[in-house]
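Morning, everyone. I have one structure to walk you through today. Please take a look at it on the screen.

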Amino acid sequence: MKIIKRFIVLQIIFLGSFGCSGLALAGSLVIQDARLWTAPDHTRVVFDLNGPVDYRVFRLKSPERIVVDIRKVTLRAKLDGLVRQDPVLAAIRYGTPRKGMLRLVMDVKESVRPRSFLLKPMHGKPYRLVVDLIRQKRQVRATVTASQVRARKQITIAVDAGHGGEDPGAIGPHHVKEKDVTLAVAKRLAHAINAQPGMRAVLIRKGDYFVPLSRRVQLARKAKADIMISIHADAVKKRTVSGASVYTLSEKGASDHVAAMLAKKENSSDAIGGVRPGEVQDPLVSRILADLIKRDSLNSAELLADEMLKHIRRIGPIKYSVPKHARFVVLGAPEIPSVLVELDYISNPKRERLLRSSKHQQRLATALLQASESFLRRQGRLLPLKRAASKRRVKIKTTRLPTS
Ligand SMILES: [Zn+2]
């Protein structure tokens, strides 16, 4: 099997150099797998391929549907049962309108704009054809308005669950995925923040779908976040390594080799998660990075990172006792003190088990909340503890709780 695989790869390289891979590989191109990810503003369908395909995506009306024509490819992925409860996609049908042509028809429930691109193999992922069904602004607006209603509270914390969708992040020895741990802790943290008077959380990722790094920055800025916490879990080969670490952005470079490697790994999220080629480096983020030194949010981020370490230390081991620095794209909002927290090592089986447990996830979320509060207090943005407690009691009496 290995030999056959290698032969195909070689053939692709060889024929690809003559620019006729689609034609010459007749019969050997296969759609091996398919996945679906539902985001609030789009639905993403990903097809795993054993080579680059010749394809075309277009839209047909009455009824509304998106058609994907792929030349000389065999469908081996099971599409039945792929679409369950999706707000956009009703079903995917397929057929062969003519010889050598596979047609996938996506029946959609509302008018969408299709976007598609082919991703080259990387980080253990094969060739992938990505088809995004982008919802029209009008339809998504409802969710934005609901969060704007809650925006009357004073302090906003952007909670960013690392990875998602196509990008699982690190995977533990018992197959626990970083993207699931980060989302679980993020949701618990958001819940804890929203329970505090005068504070609200904005979840940058709400489900199992991918959000490009620059988009995460944009979402935090749009929400006018006062701080941003990006949640991750690290992995190394050595399974005994454990402990949390906290990172802030560095405009100059990494504090050391480990930090540099980690930033490289976390920044590759875009390539794995599926950002259209050429879109990976957002000029906005680069510009912001250059501008950062003039602002004091880096100093604030450092204080926030200190608080994070102080509070996480109370519930578990710490890998590095001081904050480290590197060029993490997701920390690039100039006016928002932002930190990236690696909760622990998912590569350590014991820590992996803890990261999966709801009790420990809650403990971590509480530590992150307390660290944020402590930072905000030091900044004079929150009342000191004693006064806050007495004020809080008065507030509860007079404030009507939001219904949503
Ligand atoms: Zn990560």
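Let's start with helix H10, residues 349-356. Arg351, Glu352, Leu354 and Leu355 are buried there. Look down the axis of H10: these buried residues fall within an arc of 165°, so they line one face of the helix. In general, an α-helix has 3.6 residues a turn, so residues three or four places apart point the same way. A word of caution before I go on: this is a predicted model.

Next, the cores. The largest nonpolar core has 71 residues. Val159, Leu189, Met308, Val339, Val341 and Leu368 touch the most other members. Take Met308. Leaving out residues up to four places away in sequence, Met308 touches Val246, Val339, Val341, Leu368 and Ala371. There is also a second, separate core, with 24 residues. Ile66, Leu104, Val130 and Val131 are among them.

Strand S4 covers residues 65-71, and S3 and S4 pair in the antiparallel sense over six bridges.

Now the whole sheet. Four strands form an open sheet, in the order S3-S4-S7-S6, with antiparallel pairing. Which strands are at the edges? Strand S3 (55-60) and strand S6 (89-98), each pairing on one side only. On average, neighbouring strands of this sheet are turned by 20° against each other, direction ignored.

That's the tour. Questions, please.

Methods:
Residues are numbered from 1 along each chain as its sequence is written. This is a predicted model: local features need pLDDT of at least 70, side-chain atom pairs count only at pLDDT 80 or more; totals for chains, interfaces and linings use all residues. A residue is buried if 20 or more other C-beta atoms lie within 10 Å of its own, exposed if 12 or fewer, and partly exposed in between; C-beta atoms are placed from the backbone. Helices (H or I, at least four residues) and strands (E, at least two) are DSSP runs, numbered from the N terminus. The arc is that of the directions from the helix axis to the C-beta atoms. A nonpolar core is a set of buried Ala, Val, Leu, Ile, Met, Phe, Trp, Tyr and Cys residues joined through C-beta atoms within 7 Å. Two residues are in contact if their C-beta atoms, placed from the backbone, lie within 7 Å. Two strands pair if DSSP finds at least two bridges between them. Axes are lines fitted to C-alpha atoms, for helices over the stretch in contact, and angles run from 0 to 180 degrees between N-to-C directions.
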